[in-house]
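The exercises below move from the whole chain to single residues, and each is followed by a worked solution. Please try each task on the structure before reading on.

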Amino acid sequence: MKVTQLSAWHIRPWILGLGVLYLQCLHCLLHGQEPTATPEDLPESPHLPLHQVMQQFELKPGFELDLVATEPMVVDPVAMAFDIHGNAFVVEMIGYSERRHEKLGRVRRLSDTDGDGIMDVSVVFAQGLAWPTAVACYDGGVFVGATPDIFYFKDTDQDGVADLSRRVWTGFAADSAPFGPRQLNMQAMLNSFHWGPDNRIHGATGLSGGRVVSPLRPDMAPVSLRGRDFSFDPRTLDFRAEGGGAQHGMSFDAEWNKYVCSNSDHIQSVVYDPALAGVNPLVKALPARVSIAEDGPAAPVFRISPDEPWRVIRTRWRVAGAVSGPVEGGGTPSGYFTGATGVTIFTGDAWAETYRGDAWIADCGSNLVHRKQLIRQGPQFSARRPLDEQNTEFLRSSEHWFRPVQFANGPDGNLYVLDMHREIIEHPWSLPEGIKEHLNLNRGNDRGRIYRIRQAGAKPSVYRVLSTETPSPAEVIIGWLGHPNGWHRVTALRWFYENPQPALEVKLRKMALHQARYHTRMDAWQVLLGWGKVSAADWLSMLEDPNEHVQHYGLRRLVSMEPGILDPRRWREACSRLVQQDRTRFDCLLALARHPLPPAQQAELLWEAMILEKKQKNWTEFAALNAAGHVVEALTEKVLNEVQAPYQALNDPGELFFMLGAHGDPAPIGRMASQLFELEANPQSWSMLVELHRGMQKAGLTWKDVMDDNIQRKRWLALQASLGDLGPSQVAKHPDLLRLIATALEPATKSLWMDWFFEDSWTGLRPMLFEVLQPSLNLRDFQVILDHWDELGPSVRPAILGGLLKVPGGARQLIECLAAQPLLQRECPYPLRRRLIEHADASIASAAHQIFGQSQTPPNDQLAEHFSQSLLLDASLEKGEALFVERCASCHRANGQGHAVGPAMVTVKTSGKRRILDSILHPNREVQPQYMAYEILTSGDDEGLVGLIQDETATSLRLLQSGGVMHDIPRSRLVRMVPAGTSLMPEGLVSDLSVQQMADLLEYLVRVRQ
């Protein structure tokens, strides 16, 4: 590699340019203006002729790249699907990025009529679509996604153009309606249609969610897609939510495991259907979607194209604080995933076997295609960069115009790459006006490319599709079941669902039972399931298959079936085998939640599974406890009868004991408590007792309800003695001992602890002591604490003020203290101020307004000008940290402090001070869908709750509020759930700070380590 040495004369103009840039940025900062580039700063990237374009590619050795379609045959391709005859239906998003209202989008049908592997006929199949993004073939036509709708188009008169057009579903991105400027994010819409394992078409929702209904089915209730993907039955039009919820890209592997993609989290695994969570509402569900890249979500990428001039300038402006926006990569314009899209699992058979099952991800911003190898780790996978691609990429181009966005597995067993082929593919909302005004965002909307990647030396024209003249298609297509090429398998599955063949039922069942290739057996079962021809005996034959992949497929399909279809004895025998296997244990437990065994048998299997698991304990314990909702009594007996009490074999025994306590039967809970107390006194037994009591509280029980008073007193005296033996220096290592004693706090113990609270030797433990004391404190106790205020350190003071609000009459007492002690006002955390200002008691709210002067908040535009000076001041990290704890920690986490309600500060620190300041001053200017606040009203409550929807199941939803407070709300109590249209960050959060204080806070936020 040639290295050029730069002399001082070469460097000097660059340094002078930076100096001029700094002066411009300084002027803009002081005057609240954004800088403006000149046309000379932003030269257009040349568009090369075709013979030069192919020379710009660098492809992994051993492969070749074919150009199979180019403009004018295709423009702006973003999705593609091959029909059974090899025609490619391609979605063209010509209206990207700011011309949605013109409805320029189209669907093209491309054909290779001479069999040379190059498309030679192009027909506009459908048009007049606003931002179409997805396509799937079905019954001679295509389903097309174009937010907010899904359409079905079909050519019924065989002229090559669709004459049948139906709007089948609508309501995607409903919260963004009516889709005006800066409302609908074109990079967060529905996409990626694929035939699934259940004879349904699956799609990715994107980040914009939706409330979907069907004009063709007036009986259909709206389906919420917040944080979920979706699927639909193309025959019955049944529509439902599915696990997923990433951004752009979704794919299945050959065993029907699902993967999704977001622009800065390039590969994620959907481990299980989140609809299965909540079967046992006492169990905290694990996230169904997990990031799996070993090198991190926004992993390094190795582009060979030069950074675009506009990207370089924008990064400099952001670093200087002259414009808002993330300062990614430590201030470098590129070198990491920022535009990951289109994750696709290669299922073809035209390459070496080592590539099958690998994932391909495009980064359209860096002009490259990235590859990941997938390694199974229990229920999930990890994704690893191949050893021979550690510092390179599978495919990359030095030309800016190469913009890969999606892929397709083809009939020839190769992988196809869709290239929008535009000069600029950046989201227009993230371009500063001083740059955007000089860019032509439409340059390239008349161009587009589709490439095929094939192994070197392979014939490019082997298509292997069904001829239109085939007299008996079923005889040919049945041979495609289990085909080594994934396209043939999926096409056959779809065709048989479209065209049931009753005469083939016997043959298919023989294939399902006896065919040597396990993929063939799996596909035969799927066809029979689609025809409704699977009996209870067939289900068990599927689960008894000698191959674990077929067993896994059967378990995944079984969970969507109604309970009671299985023979109990054979189902019990099957489960006994399935929980023994690492590959099927997790899914067997999920299935047991829907298809339970008799309680004693189920409890025995759940306990056995948890003890057997060695590697993926968290997943196994979640699935086991989720399946224990109807057998808690039997599971309690099983645990009690374990002589060895091998709780140490569990990953988190607390979850088990919380559930056992919450079940609420005093007799077995008392026996369980006795057994735990008989264990050797240690932190683990204390922790398990604390969790048991937490469950009891949920059931409305106390220790007096489950044990004799004399026994209880003896046990707590022994615990108190253990606490006294430890002394302050050791108690910090055993917080659960304190928490356990506090569950039965008596006046004598409370008095003793209150004395400790004011002793200097317990200074470092005051927050812990207050935590356990607080539930038992009354107004008189708080007055005693306030009388000793000067003796208490800052670590516990905010908690004391917040705790005071939780006792009857506490708000009024706090207001009186604040009015009488002006110095105390400075220590009142901002969230607490807001609670007082917005208090339901008008007199308290009025007094709080007078104390804190919130009515004098200046408009945000004045604040922006006022605080812009803080970007240029020297600052104190220590003071900034204190301000973060006071103002931000209730919703954000940084350096181990705070609550992860909004984004963790480590993820936004690279935004730069200007962008962070803008977000603080204008928290509701641009709210990402995942951080949109919702107003919740439940039956029996006069006041609603406001928070973020953390998770939803069929029976409940989880609401996350400031301070990390979590509410699990049964759907049966839900009266209203509407978006607030804002984030949880309040306006005026920092209006009372000085410019120097803002400088300190910003300095801390951009230097967060974790």
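**Exercise 1: the overall fold**

Among contacts in the protein (heavy atoms within 4.5 Å) between residues at least 6 apart in sequence, 65% join residues at least 24 apart. The model is a predicted one, in which local features need pLDDT of at least 70 and side-chain atom pairs count only at pLDDT 80 or more, while totals for chains, interfaces and linings use all residues. Residues are numbered from 1 along each chain as its sequence is written, and side-chain values use heavy atoms, with hydrogens and water left out.

Task: determine how many helices and strands there are in the protein, and how the radius of gyration stands against the globule rule.

Solution. Begin with the secondary structure, where helices (H or I, at least four residues) and strands (E, at least two) are DSSP runs numbered from the N terminus; the protein has 35 helices and 35 strands.

**Exercise 2: the nonpolar cores**

Task: find which residues have the most contacts inside the largest nonpolar core.

Solution. A nonpolar core is a set of buried Ala, Val, Leu, Ile, Met, Phe, Trp, Tyr and Cys residues joined through side-chain atoms within 4.5 Å. The largest has 206 residues, and Trp571, Leu692 and Trp703 have the most contacts inside it; helix α12 (residues 582-594) supplies its largest share, seven residues. Apart from this core lies another, of 28 residues, with Val107 and Met189 among them. Turning to Leu692, and not counting residues up to four places away in sequence, its contacts include Phe657, Ile669, Met672, Leu676 and Trp703.

**Exercise 3: helix α17 and Gln712**

Solution. Helix α17 comprises residues 666-678, and its buried residues include Ile669, Met672, Ala673 and Leu676. Leaving aside neighbours within four places in sequence, Gln712 is in contact with Trp703, Lys704, Met707 and Ala744.

Conventions:
Expected span 1.5 Å × (residues − 1). Buried < 20%, exposed > 50% of the residue type's maximum accessible area, 1.4 Å probe, protein only. Rg over C-alpha atoms; globule rule 2.2 N^0.38 Å.
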